[in-house]
Protein chains: 2
Amino acid sequence: MSELFLRTLRDDPADAEVPSHKLLIRAGYVRPVGPGLYSWLPLGLKVLRKIEHIVRSEMDAIGGQEILFPALLPRAPYETTNRWTEYGDTLFRLQDRRDNDYLLGPTHEEMFTLTVKGEYSSYKDFPLRLYQIQNKYRDEARPRAGILRGREFLMKDSYSFDVDDDGLKNAYHAHREAYQRIFDRLKVRYVIVSAVSGAMGGSASEEFLAESEVGEDTFVRCAQSGYAANVEAVVTTAPDPIPLDGLPEAVVYDTPDTPTIATLVDWANTADLPSFAGRAVTAADTLKNVLLKVREPGGDWELLAIGVPGDREVDDKRLGAALDPAEYAMADDADFAAHPFLKKGYIGPKALLANGVRYLVDPRVVDGTAWITGADETGRHVVDLVAGRDFTPDGTIEAAEVREGDPSPDGAGPLVAARGIEIGHVFQLGRKYADAFNADVLGENGKPVRLTMGSYGIGVSRLVAVIAEQHHDELGLRWPGSVAPFAVHVVIANKDAEARAGATELATALDRAGADVLLDDRTASPGVKFKDAELLGVPWIVVVGRGWADGVVELRDRFSGEKREIPVGPDTTAAEQILAAITG
Amino acid sequence: MSELFLRTLRDDPADAEVPSHKLLIRAGYVRPVGPGLYSWLPLGLKVLRKIEHIVRSEMDAIGGQEILFPALLPRAPYETTNRWTEYGDTLFRLQDRRDNDYLLGPTHEEMFTLTVKGEYSSYKDFPLRLYQIQNKYRDEARPRAGILRGREFLMKDSYSFDVDDDGLKNAYHAHREAYQRIFDRLKVRYVIVSAVSGAMGGSASEEFLAESEVGEDTFVRCAQSGYAANVEAVVTTAPDPIPLDGLPEAVVYDTPDTPTIATLVDWANTADLPSFAGRAVTAADTLKNVLLKVREPGGDWELLAIGVPGDREVDDKRLGAALDPAEYAMADDADFAAHPFLKKGYIGPKALLANGVRYLVDPRVVDGTAWITGADETGRHVVDLVAGRDFTPDGTIEAAEVREGDPSPDGAGPLVAARGIEIGHVFQLGRKYADAFNADVLGENGKPVRLTMGSYGIGVSRLVAVIAEQHHDELGLRWPGSVAPFAVHVVIANKDAEARAGATELATALDRAGADVLLDDRTASPGVKFKDAELLGVPWIVVVGRGWADGVVELRDRFSGEKREIPVGPDTTAAEQILAAITG
């Protein structure tokens, strides 16, 4: 440590919000260079490389072949797939000296597809699994939390290529299992969540989320069944339809000054409505119609109305996922002005449907449900408007927010919310990219067959922060052995020359036996050294201290805090015992 | 090989000019992605990683500590050192979503200096040697020759930090020796050349050039002494001055239509000049005055005239190095028009000096040398104009071309020209960057001391091409064992099921014994397989062919072409013998 390029900091950096960020800076693992840009100092780089090694070994184990693309890429292939535009501000774009357009790769689907198309031509060449471990670039709107969300970050991205759906499924499951092994080896606590709704094909896309309170991703899970999903992927449990016979007639009321759900509910509870005799009206009895405009890629803006129970907001993420790849925006005053049948605050299903505005409703709006909703006149609402009798929407949409307590789609129990950090993603891309580049090979029957692809990512540099986030205490980091920068941290806490020499000898013996050893040979006080050892988080700390005179050193387990004395023999007995302890 | 992501090509790619480029593409090591941008396929990546490993091990051996910076860097530090501007079109610049300026790092002096300044504060912390192995970016005007000159390339850059000049010298020599070990291990034939002239401080900068006919760098060497230098660094051997007494008087002649050296020499040889009685006039007897304009950084354009013997051109590289950091351009018609005393084609020293134009001459223009040169009137020249008598230049400049046969600066013999590829550079930067960032630490005497730096680079990805350039024949690549993608290439050249099984078993035995084995288990013909094996260039080829029935396999040395038979035992004898051959 007297030579190691390392200076620990006593105080948390001012701009650091999350524990991993604070600790990785304080312990001298990384340093900021600019927003979302970090340099890796020796200890940080060691951890990064160990993670990389584990990822590589598991990719190789499932037949992955490593290749490496440039990070600087020409525009054309990304233009073909429209990602040049779709990525928006998140893509770093630049020009060379001849004014040709380039980008810094966010992921490499295009390049892999083109390369495989260029090299292979027959079904016999498949299955194929390729991967790279490479710097990726994304101009995040809010780079945050240190290396948890950087703008230059190390990623492992794999791509599978198959000639049929069974091949793709095999590749998908092989990656899924490899990812489980990787995260297990890294000692990361994680859940696998569905990333798209069942409507799009079940397990076609799953995310690996590290459980963490500081995570940006919200997901829901069911304690009873283990079901877990991104909110985008949750399928609403719809009630059974209600027979229409005998339901009360719809009645329009004057409801002055009730442009919001709250004011409407207040009115309803004082209006003495016959169909609510004996019970209070709640927001869930109202149907809120939200007016948007939507544009399919290459198309024009069109109006779209979404009806959701008044007690739920429209969730941006769920709405975006449901409408993808179309873009959308809230309707503005000009849209209302252009369509005078739309009465702001009083929009009802009838005017929408009568005037040809596409109208999608929450899956809870099943036939026979009765709603208090807009009557398409300012200051008027309709009560007991029954779906399937008084209006028939154009379809359903998964856009309403998911809440804790909502039933799990598998029927096993209520959902609870949790936060996580995305550390991996497995995705059955199918033929999207192969279609874009006409990636065909000769099939078994002599006819061309289009390739089908999967893409699979792991955030390698992010994992350093994720592991730090999950494995630390108030004193510092606590690395799992598989990724720790060193296996043993020998602290000289005795100024005696003989103890010093003995510690050095012990460190040498451990090193010779194959253990990665960090020796704190600095002249600092024992207190400073202990603090640093706790901060750095090497799993095993050997203290050569006062006990040296009595023939013992102390072995501390950084994780459990347990301490034990190891007798120092004239030979390498102490080293052997320490090795036995740390490998056992 | 039936599963390896590899397709070899029969024909040279259309745009490839140099052997390494052709072979690395044909053998499926790399693929072009754009101008100066290449992807590494599995075999290429293996070679790249082996080189990286050797570089890393030798850097670690001299106490280098590895860290890693982003490639995407903020503008400010490069603005401080002026490199943001100085790099010109070679720097890739871009903006983020907030319109902040960034660059893709060409080298990282700024970042290392700032980082060391940030972490260390005392002379006790030094010496310090840091390095990284990282992608660098340069927008080359003419990316060429495949990965020999790419725009994204892998480089090892080290930086040494010391508090005194002795420390810097130690670091410099440690790196110089490490580089020698690295290139020796890689089996690269190279020379170390002085990169700046002795005037700037002797060995302050040296380049490692791989000997290669396709190299872009020209250097000169002396067979007698081993002296080698870039042309920029060659110091002209000046003749002794000649006593002025008794030299003929200068005489002005009418020399109509002699604006060039050739026409002037023709005139002189018909003019019956007294001082050339009995010998022919040559271009070396004339003094050519070249008019430039020069601008120091931050300054204005000023005229500069350079006088060189008429038989030599002004060498752009030498002129640039001599004038650095000033920029320069040839004087144009407007400059001549603005200074009517300058007669194009007839410029002489007298008008230059009389009108205050700075006038530097080649070191060969010593006192007492007599010249035929312009008389500052159109159609007139002066003969026997003597330096030190008739004109006194403002100084000398190393701008004239260096030619084969010129004397070596060390006096040992004539220089011969050779071409090379820059593979490494060691450079005593001194305090340039420390001055820019005020990088001081507390000295032993309690006063601040400014750090002194060295920078040391190795072109890691370029070395793949350099080794291919130096180690190939007409059939393909011939990798040295230290960097070969595989140690042994086992070719199944016998359709017999038993031979096939035996070959597979042999490959497994070799693999188990620790040798990296490539097994050609494809159904292709033996001819195709042999051609591929020669093209791929694995050092040892084991052929399981017709001899199998007689109990032998063939071991071929790809480098020497030597073949020998190895008896196949019932156990692993063949594997043992092969291992003995390839490791011995």
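In the predicted model, 26 residue pairs, both members at pLDDT 80 or more, are in polar contact between chain A and chain B. By class, the side of chain A that touches chain B comprises 30 nonpolar, five polar and 16 charged residues. Six salt bridges are counted between chain A and chain B. One salt bridge joins the side chains of Arg7(B) and Asp125(A), with a distance of 2.5 Å from N to O.

The contact draws on 51 residues from chain A and 51 residues from chain B. Between them, the two chains bury about 4600 Å², and 57% of this area lies on carbon and sulfur atoms. Within chain A, the residues that lose the most area to chain B are Phe5(A), Arg97(A) and Glu119(A). Together, these three residues account for 17% of what the chain A side buries.

The arrangement of the two chains was then examined. In general, two copies of a chain are related by a rotation about an axis and a shift along it. Here, chain A is superposed on chain B by a rotation of 179 degrees, with 0.0 Å of shift along the axis and an RMSD of 0.4 Å. The two copies are therefore related as by a two-fold rotation axis. The same surface serves both copies, since 100% of the contact residues of chain A recur in chain B. Among the residues of chain A, Leu94(A) comes closest to the rotation axis, its C-alpha lying at 2.5 Å.

Within chain A, the domain assignment gives three entries. Domain 1 is made up of residues 50-234 together with residues 416-468. Domain 2 covers residues 251-396, and domain 3 covers residues 486-583. The C-alpha centres of domain 2 and domain 3 of chain A are 69 Å apart.

The confidence of the prediction was considered for the chain and for the complex. Chain A has an average pLDDT of 92, and 98% of its residues score at least 70. Over residues 198-202 of chain A, by contrast, pLDDT stays under 50. For this stretch, the model has three contacts beyond four places in sequence. Residues 198-202 fall within the part of domain 1 that spans 50-234. For the complex, the predictor gives an ipTM of 0.86 and a pTM of 0.86.

Terms used: Residues numbered from 1 in each chain as written. Chains lettered and ligands numbered in written order. Heavy atoms only, no water. Least-squares fit on C-alpha atoms with pLDDT ≥ 70 in both. Contact = heavy atoms within 4.5 Å. Buried area = accessible area lost by both parts, 1.4 Å probe. Salt bridge = Lys/Arg side-chain N within 4 Å of Asp/Glu carboxyl O. Polar contact = N/O pair within 3.5 Å; in protein donor to acceptor, adjacent residues only side chain to side chain. Nonpolar A, V, L, I, M, F, W, Y, C, P; charged D, E, K, R; others polar. Domains from an automatic or database assignment. pLDDT = per-residue confidence, 0-100.
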